[in-house]
Amino acid sequence: KISIDNEPETDDETQKKQTGKRFKISADAYFEQLAQSTDKNTVDFVEKIIKDCEDKGYYIHWGQGSLVVKLIDPQGSGVRITLFVIDKRGTVFLGWSAGQLERLGLNKELSYQFATNTAKLFTNMTTHPKWPHSWIRPASLSDVIKVYPEFINCVDSFVNEISQALENQNV
């Protein structure tokens with residue numbers, strides 16, 4: 001069976017093909033797509049996560065189809081450490097922090113421990129055997145909602161450990 005896609009390309013898709021560049025999603029587009037994939041409670045929850053994280057001084061990066069909560073290196077190197085990602089379908093995942101920590105001269109084991117600690121919050125979740133700084137699969141926002149205080153405490157602890165390790169480098 002042959003499938004034909006009659007959807008016209010958006011300007012972004014055309015430009016991406018011509019330039020090879022990836023495009024960031026806007027906050028408005030993200031929430032519009034999230035609302036199509038989830039429900040109002042989930043959208044409201046993501047807004048709460050963003051507010052909580054911004055209040056803590058974390059950086060929100062709007063990626064291609066996701067928002068990424070990051071810690072900007074407090075020592076000013078410009079490195080941004082990924083804490084977690086929420087995609088437009090309403091799934092949460094970890095990744096990339098091990099390499100980012102290494103660029104700062106820190107032990108990537110901090111990242112592995114963060115993934116282990118957060119994985120324990122969810123049913124049947126473990127770290128990925130090949131990439132221990134991430135989970136074996138994404139978590140749904142509905143699962144994160146149930147353990148949010150514990151999850152955000154793990155995030156805060158990870159950030160504190162990174163900050164302490166950076167301070168110890170300069171002693």
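His133 lies in the loop that connects helix H5 (109–119) with strand S5 (139–140). The model is predicted, and the protein chain in it comprises seven helices and five strands. This briefing covers the setting of His133, then the chain as a whole, then the cysteines.

- His133 counts as buried because its relative accessible area is 15%, and the cut-off for buried is under 20%.

**Architecture of the chain**
- Read from the N terminus, the order of elements in the protein chain is α-α-α-β-β-β-β-α-α-β-α-α.
- Of the contacts in the protein chain between residues at least 6 apart in sequence, 49% link residues at least 24 apart.

**Burial and surface**
- The protein chain has 171 residues, and 40% of them are buried.
- Its accessible surface amounts to about 10,200 Å², with 48% contributed by carbon and sulfur atoms.

**Cysteines**
- The structure contains zero disulfides.
- Cys53 is buried, with a relative accessibility of 0%.
- Cys154 also counts as buried, because its relative accessible area of 18% falls under the 20% cut-off.

How values were computed
Residues numbered from 1 in each chain as written. Predicted model: local features only at pLDDT ≥ 70, side-chain atom pairs only at ≥ 80, totals over all residues. Heavy atoms only, no water. Helix = DSSP H or I, 4+ residues; strand = E, 2+ residues; numbered from the N terminus. Buried < 20%, exposed > 50% of the residue type's maximum accessible area, 1.4 Å probe, protein only. Contact = heavy atoms within 4.5 Å. Areas by Shrake-Rupley, 256 points an atom, 1.4 Å probe, with all protein chains shown as cover. Disulfide = S-S within 2.5 Å.
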